[in-house]
Amino acid sequence: MGELDRVLTIEDMKALAKRKVPKQFFDYVDSGAWTEGTYRANEDDFRKISFRQRVAVDMDNRSIASTLVGHPVAMPVATAPVGFLGMQSADGEIKAARAAEKFGVPFTLSTMSICSIEDVAENTSRPFWFQLYVMRDRDFVNRLIDRAKAAKCSALVLTMDLQILGQRHKDLRNGMSAPPKFTPKFVFEMMRKPGWAMGMLGTNRHTFRNIAGHVDGAGDLSKLAAWTSSQFDPTLNWRDIAWIKERFGGPVIVKGILDPDDARQAVQHGADAIVVSNHGGRQLDGAPSTIRVLPEIVDAVGAQTEVLMDGGIRSGQDLLKAIALGAKGALLGRTIAFGVGAGGEAGVARALEILRKETDITLALLGERDIHNVGPHNIYANELVKRQGY
Ligand SMILES: Cc1cc2nc3c(=O)[nH]c(=O)nc-3n(C[C@H](O)[C@H](O)[C@H](O)COP(=O)(O)O)c2cc1C
């Protein structure tokens, strides 16, 4: 029995990733901003929602297939953009993209990825989504959009909630960087994580390849880090959606919405879908969990646009609760990142399989046969779910 066969839950996957990935990169994933209160709330608030069990319903021929921004998916999830995935395991973005493609759900590549848009396109056969951070250097942003278009990316995910970085204490204490600095502490970590180290020796992809070589003044690695951190454009606003959408020519999904008014703004300015997200609790510490605000955002714009959500989804049960509260689908951040760290492509495949099984069996226990029929009637009203009609 292999290590991954013993992984039955995403919690198990996280524990395995912790054993395999050097501390600074594992901590980078398992961290939120400041007190990490919002990071914890994302997970905890799912536990406050109870399902309504129904029995004696024909549960044959179940389906959890759906569509996201017009494309069929095996299960209504996509991988969330996660920076540095290629530091969880060598070529992590390519591995995750391949697993997502085989499973039949979209992979989203972060601007801050180790493997570039072209690396992922060359190593996959289905279109993926590209997540855009808007930088001050608009020529660079234009070229990024053009590269995503040339790689036939099927959607652009425009992240609006990270023009300034929320402070994450673990990263500061660990001195997180890509490529890692070879301090004595890090060399010791590599000796304890030989599989990770061997993988990294086998690839030349060690830094932000969407950026390196694509901008003047960021040629060598120390300049690249400085360039990147000074580049997030603080003037980003709703009007930027229009030119980005026009340049890309395909669907633009606006990510980082936590307020109904912002959701309305995004829709008015042309968003084809939105992602209710607090960046996995990594930005505004003290903000509510995403599952808590999801219903009011669905009330505000659910009739006009596709509402996706992310934050805290670690099981098929969590996914079904989000769908019951009005999400069309969900993005998976840490669930996928732990899969990459624990077992590369096979780890992501296993993570998705765990969610598939949980979603399918839970659907049956709810007395439903088609995920499209899941709704408010499948959960109990409570303090968290106080929307009318629940
Ligand atoms: C390690 C890590 C890196 C991330 N990097 C990005 C990124 O580059 N771009 C982005 O839009 N969101 C990024 N996010 C946020 C995720 O896309 C997503 O919103 C969040 O992880 C969802 O919460 P979950 O991890 O609980 O599923 C990152 C999240 C994590 C955990």
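In this predicted model, the shell of residues around the ligand divides into 6 nonpolar, 10 polar and 5 charged members. The ligand sits in the largest pocket, for which a volume of about 1,200 Å³ is computed.

**The ligand and its surroundings**

- There are 21 residues around the ligand, and those that come nearest are P81, S110, T159, D310 and G312.
- S110, one of these nearest residues, places a polar side-chain atom 2.6 Å from an oxygen atom of the ligand.

- The lining of the largest pocket is made up of 50 residues, and Y28, F84, L165, R168 and R282 are the ones that lie nearest its centre.
- Two or more residues of this lining are given by each of the elements α2 (23-29), α7 (169-174), α10 (221-229), β10 (329-332) and α15 (334-365).
- Among the elements, α10 supplies the largest share of the lining of the largest pocket, namely 6 residues.
- Sorted by class, the lining of the largest pocket holds 24 nonpolar, 18 polar and 8 charged residues.

**The second largest pocket**

- The second largest pocket has a computed volume of about 260 Å³, and its lining consists of 17 residues, with P72, V105, P106, R126 and P127 lying nearest its centre.
- The elements that contribute two or more residues to the lining of the second largest pocket are the strand β2 (71-73) and the helix α4 (92-103).
- In terms of class, the lining of the second largest pocket comprises 11 nonpolar, 4 polar and 2 charged residues.

**The largest cavity**

- The count of cavities of 30 Å³ or more comes to 1, and the largest cavity has a volume of about 30 Å³.
- The residues that line the largest cavity are T79, A80, P81, V82, L85, E93, F107, T108, L109, S110 and S113.
- By class, the lining of the largest cavity divides into 6 nonpolar, 4 polar and 1 charged residue.

Terms used
Residues numbered from 1 in each chain as written. Predicted model: local features only at pLDDT ≥ 70, side-chain atom pairs only at ≥ 80, totals over all residues. Heavy atoms only, no water. Near = heavy atom within 4 Å. Polar contact = N/O pair within 3.5 Å; in protein donor to acceptor, adjacent residues only side chain to side chain. 1 Å grid on protein atoms, 1.4 Å probe; cavity = no way out; pocket = protein on both sides within 12 Å on 5 of 7 lines; lining within 4 Å. Sits in = over half its atoms within 2 Å of the grid points. Nonpolar A, V, L, I, M, F, W, Y, C, P; charged D, E, K, R; others polar. Points joined across faces, edges and corners; volume = space filled by probe spheres on them. Helix = DSSP H or I, 4+ residues; strand = E, 2+ residues; numbered from the N terminus.
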